[in-house]
Amino acid sequence: MTDGYRALIYDLDGTLARLDVDWGECAAAVAAEYRQAGVELDDADLWTMLEVAPRYDLGDRVEGVIADHEQAGARRAERLPRADDLAGLDVPVGVCSLNCEDACRIALRRHDLLVAVDAVVGRDTVAERKPSPEPLLTTLERLDESLSPSEALFVGDSERDEETARRARMPYEWAYGDGPTRR
């Protein structure tokens, strides 16, 4: 699996595990926070609502609602086949996710994978979120400061993951086939 790479970094949700989150319910709860603050965001999706929340002084409230849903979903997360990759690897392993760091750790712990992971970077670990390269590069730095992006492989399940790897100049592999899958 390592194919000459000196580090492996995985996305979490949809790659190693599937968090049991009703994203529509989560988006509705976030929209309710906006309405309670007197702000109407017509047809904004969840990630847009998260992105614009600081403009309305709702950053912490919105992040908290999403994190609560993710953490609950992580406690019920399904283990996916790529999680088997983590057994017996001889290189450092990281997780770089758009989910909050606590949810990542909960899902990894649930499936006894946390012991195989050397670094976890979630949405709330660094200032920028995927597809910015910052989370991925931070994960790599936490694994081994001497490694260059070309020496690591990022395994993910989304176009956002692929774009993140491209921006970080890191090789990328689709977790399941040659593109996004809808399981």
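Q: In β4, which residue is the bridge partner of Y10?
A: The bridge partner of Y10 in β4 is V95. This is a predicted model, in which local features need pLDDT of at least 70 and side-chain atom pairs count only at pLDDT 80 or more, whereas totals for chains, interfaces and linings use all residues. Residues are numbered from 1 along each chain as its sequence is written, and side-chain values use heavy atoms, with hydrogens and water left out.

Q: With which strands does β1 pair, and in what sense?
A: Helices (H or I, at least four residues) and strands (E, at least two) are DSSP runs numbered from the N terminus, and two strands pair if DSSP finds at least two bridges between them. Here β1 pairs with β4 (residues 93-96) in the parallel sense over three bridges, and β1 also pairs with β6 (residues 152-156) in the parallel sense, over four bridges. Within β6, L8 has L153 as its bridge partner, while I9 has F154.

Q: Which way do the residues of β1 point, and are they buried or exposed?
A: In a regular strand the side chains alternate between the two faces of the sheet. In β1 (residues 7-10), A7 and I9 point one way, L8 and Y10 point the other way, and all are buried, where buried means under 20% relative accessible area, exposed means over 50%, and partly exposed lies in between (1.4 Å probe, protein chains only). In β6, A152, F154 and G156 point one way and L153 and V155 the other, and five of the five residues of β6 are buried.

Q: Through which helix does the chain cross from β6 to β7, and what is the hand of the crossover?
A: Three bridges join β6 to β7 (residues 172-174), and these strands run parallel, with F154 standing opposite Y172. Between β6 and β7 the chain passes through helix α6 (residues 159-168), and this β-α-β crossover is right-handed; that is, with the strands pointing away from the viewer, the path from the first strand over the helix to the second runs clockwise.

Q: Which residues of the largest nonpolar core touch the most other members?
A: In soluble globular proteins, nonpolar side chains tend to be buried together. A nonpolar core is a set of buried Ala, Val, Leu, Ile, Met, Phe, Trp, Tyr and Cys residues joined through side-chain atoms within 4.5 Å. The largest one here has 28 residues, of which Y10, L12, L16, L19, L86, L108 and V117 touch the most other members. At least two residues of this core come from each of β1, α3 (59-75), β4, α4 (101-110) and β6, and α4 gives the most, with five.

Q: Which residues does L12 touch?
A: Contact means heavy atoms within 4.5 Å. Leaving out residues up to four places away in sequence, L12 touches A17, L19, V95, C96, S97, A103, C104, A107 and L108.

Q: How many disulfides does the structure hold?
A: A disulfide is a covalent bond between the sulfur atoms of two cysteines, and the cut-off used is a pair of cysteine sulfur atoms within 2.5 Å. The structure holds zero disulfides. C100 is in no disulfide, and the nearest cysteine sulfur to its own, that of C104, is 6.7 Å away; C104 is likewise in no disulfide. Both cysteines are covered, since C100 is buried at a relative accessible area of 1% and C104 is buried at 0%.

Q: Where is there a cis peptide bond, and what is the value of phi at D57?
A: Most residues other than glycine have a negative phi, and most peptide bonds are trans. Here a cis peptide bond joins K130 and P131, with omega about 20 degrees, and P131 is placed in the loop between β5 (119-121) and α5 (134-143). Phi of D57 is near 60 degrees, a positive value; D57 is found in the loop between α2 (46-52) and α3, and at 70% relative accessibility D57 counts as exposed. Phi of D112 is also positive, near 55 degrees, and D112 is found in the loop between α4 and β5, where D112 is exposed with a relative accessible area of 64%.
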